[in-house]
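Okay, thanks everyone, I'll keep this short. Have a look at the structure first, and then I'll walk you through a few parts of it.

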Number of protein chains: 2
Amino acid sequence: MLDFDGWVCPAPLRDYPNIVMGHGGGGKLSAELVENLFLPAFQSATLEQLGDSAVVEVGGVRLAFSTDSFVVRPLFFPGGNIGDLAVNGTVNDIAMSGAQPRYMSAGFILEEGMPIIQLAAIAQSMGAAARAAGVSLVTGDTKVVDRGHGDGVYISTSGFGVVPMGLHIGPGLARPGDVVIVSGDIGVHGMAILSVREGLEFGAPLTTDCAALNGLVAAMLACTQAIHVLRDPTRGGVASALNEIAAASRVGVRIVERNLPVPTAVRAACEILGLDPLYVANEGKLLAFVARDAAEVLLEAMRAHPLGRNAAIIGEAIADHPGMVVARTSIGGTRVVDTQVGEQLPRIC
Amino acid sequence: MLDFDGWVCPAPLRDYPNIVMGHGGGGKLSAELVENLFLPAFQSATLEQLGDSAVVEVGGVRLAFSTDSFVVRPLFFPGGNIGDLAVNGTVNDIAMSGAQPRYMSAGFILEEGMPIIQLAAIAQSMGAAARAAGVSLVTGDTKVVDRGHGDGVYISTSGFGVVPMGLHIGPGLARPGDVVIVSGDIGVHGMAILSVREGLEFGAPLTTDCAALNGLVAAMLACTQAIHVLRDPTRGGVASALNEIAAASRVGVRIVERNLPVPTAVRAACEILGLDPLYVANEGKLLAFVARDAAEVLLEAMRAHPLGRNAAIIGEAIADHPGMVVARTSIGGTRVVDTQVGEQLPRIC
């Protein structure tokens with residue numbers, strides 16, 4: 001019944017004969033799985049573009065289509081739960097193509113024994129998040145697995161929206177000279193999850209920044225069409241997102257560490273735990289690569305939006321060292337900001 | 001952090017404070033979860049139609065959009081694996097709106113420790129199934145959960161296709177007088193899974209009937225536009241699908257048991273195990289409700305297609321007892337074919 005003869009696994013997957021947590025971390029191991037296993041199997045030119053969402057044309061309409069599975073632990077955390085995370089995560093992936101999300105689906109994998117009252121609270125959060133983002137949950141599916149083969153609930157959401165005609169935003173479209181803007185404080189979602197999971201307290205309590213970014217994106221596009229790349233730096237954080245863009249666009253990226261908006265509580269928690277905020281997951285933040293002459297006006301427009309109040313210019317795209325991200329450190333040196341191999345914090349989304 | 005005050009759980013969910021396997025069975029418990037928990041939370045008129053796929057309009061184009069999560073155990077079974085099942089399942093849900101599926105997404109929830117070579121075989125099956133159905137896998141996501149919180153791999157697929165202008169097919173559109181056709185042998189997928197799961201042998205080996213039905217649907221629509229309902233009788237089998245249609249269309253349904261195409265091996269296995277083939281899951285079969293005067297020509301067109309060779313007229317929609325399905329038994333009596341409460345065979349898809 002099992003016939004693996006036809007399949008030759010290219011290096012370096014052979015180094016790991018079995019799945020490890022890092023394969024889900026959004027870092028190098030995840031990328032290897034996609035490049036060496038899924039892409040050859042699926043043979044799709046659109047998939048190969050590796051955007052947060054796929055842009056496809058149907059009946060003369062350009063649609064941004066995206067999916068995400070959510071396995072965050074714990075299910076409820078400060079400021080949110082797996083339900084609003086699952087809605088906002090897919091809303092944001094669609095928005096990163098410049099599209100307004102319209103319709104969504106939700107698939108639930110429930111573990112036998114899960115309290116129904118918890119599921120109800122999660123579903124209500126999903127409904128509220130969808131209404132807040134202006135998107136309709138129109139189809140779904142529910143499966144149940146035996147106790148000990150799940151973790152309460154896993155949620156997969158998919159959705160699509162219309163990409164305005166003539167708009168082209170994608171991870172491969174950054175150009176040397178582009179300015180890199182982040183929409184606000186980084187590292188908040190990851191540290192909020194970690195604080196509750198590990199029972200840590202870091203002075204001021206951290207709550208997730210989980211939010212739907214399609215409103216912010218609409219405000220940005222109303223300001224300028226010179227946005228080349230949008231990306232929400234979730235798993236793997238800002239560092240991984242910048243590396244993906246640098247690789248896809250064949251540009252170098254240079255950021256200035258002291259310009260990164262890192263809240264004191266995140267910085268303190270990261271220092272205690274030996275984590276780098278650049279690699280910590282966000283859920284309500286975006287990175288934008290924009291033409292230099294539109295950067296200042298875009299920054300102002302972003303700061304006028306509630307979800308962009310702390311927006312900041314953090315760097316630029318350059319022609320040097322294509323595919324590589326470097327940071328000027330606070331003491332004046334330069335370091336390479338590499339993609340992590342596995343992940344610092346598993347099951348963050 | 002948890003605030004359930006705002007949520008009042010309507011009966012009968014209170015009977016089960018926790019999720020049980022039957023909530024995923026496609027029977028009454030599943031329906032209660034949808035009606036009493038998800039619908040009030042999501043507040044979507046499209047969701048309330050409860051088709052296999054949701055039909056929505058975007059930019060003047062009508063799209064059928066569907067999602068499904070797959071948790072079948074074991075991952076590999078006679079004639080298929082979770083990968084082609086996950087592709088064909090969503091292809092078929094889209095096809096049941098009369099649409100040709102175009103684009104799909106795939107989300108993977110991997111369990112730590114899963115052999116990568118198994119995942120590769122599953123991904124290759126998905127790619128092959130997608131190409132066979134003429135659909136492109138364009139976007140995806142991979143998460144990893146700790147050992148003991150999954151079962152190898154769970155796969156969620158979503159997808160959409162274009163519904164031809166003027167075509168209206170849906171579970172609520174059956175009319176009294178419609179003829180009910182099934183496209184072939186029933187109960188095969190469920191018994192194939194059960195035989196390998198329980199180590200049973202029933203003489204001739206059973207292999208799954210898992211297949212993409214969009215080609216058959218295209219052939220049917222080329223023959224007649226008088227098809228009112230299409231449904232693939234997966235979880236809960238033919239009995240549950242007919243009950244859903246009877247309820248949504250407010251018609252009665254009368255079937256003739258001896259006209260049901262049940263293969264000898266399925267019948268024998270069901271007899272040994274005390275199962276009713278009407279409730280066993282299928283994955284490559286469909287039910288069609290068609291206007292009476294188009295039924296014979298449609299049946300012929302279906303039989304001319306490789307996936308419809310054993311198509312048969314099994315009953316009719318009637319004005320009597322709306323919402324209820326009855327069967328004339330082989331000994332001449334009549335019995336009510338109710339929806340099951342939970343499920344006979346968990347984790348069949």
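Predicted model: local features only at pLDDT ≥ 70, side-chain atom pairs only at ≥ 80, totals over all residues.

On the α3(B) side you've got Ile82(B), Gly83(B), Asp84(B), Ala86(B), Val87(B), Asn88(B) and Val91(B). What they meet in α4(B) is Ile122(B), Ala123(B), Ser125(B), Met126(B), Ala129(B), Ala130(B) and Ala133(B). If you sort that contact by class, you get 10 nonpolar residues, three polar and one charged.

And how do the two helices sit against each other? The axes of α3(B), which is residues 82-95, and α4(B) come within 7 Å, crossing at roughly 30 degrees. Anything under 35 degrees counts as roughly parallel, so that's what we call α3(B) and α4(B). As for the hand of the crossing, it's right-handed.

Okay, over to chain A and its sheet. It's an open one, five strands, and the order goes β1-β2-β7-β5-β6 with mixed pairing. At the edges you find β1 (54-58) and β6 (136-145) of chain A, each pairing on one side only. Going from one strand to the next, the twist averages 20 degrees.

Let me zoom in on one pair there. β5(A), residues 100-111, and β7(A), residues 153-162, run antiparallel, with 10 bridges joining them. If you want one to find on the screen, take Gly107(A): its bridge partner in β7(A) is Ser156(A).

Now, which strands does helix α3 of chain A lie across? That would be β2 (61-70), β5 and β7 of chain A, and the helix runs at about 30 degrees to β7(A).

Last bit: the two chains together. How many residues does each chain put into the contact? It's 79 from chain A and 79 from chain B. On the chain B side, the elements that each supply at least two residues include α1 (28-42), α2 (45-48), β5 (100-111) and α4 (116-133). By class, that side of chain B splits into 45 nonpolar, 26 polar and eight charged residues.

Conventions: Residues numbered from 1 in each chain as written. Chains lettered and ligands numbered in written order. Contact = placed C-beta atoms within 7 Å. Helix = DSSP H or I, 4+ residues; strand = E, 2+ residues; numbered from the N terminus. Nonpolar A, V, L, I, M, F, W, Y, C, P; charged D, E, K, R; others polar. Axes fitted to C-alpha atoms, helices over the stretch in contact; angles between N-to-C directions. Parallel < 35°, antiparallel > 145°, perpendicular 65-115°, else oblique. Left-handed = near helix turned anticlockwise from the far one by under 90°. Pairing = 2+ DSSP bridges.
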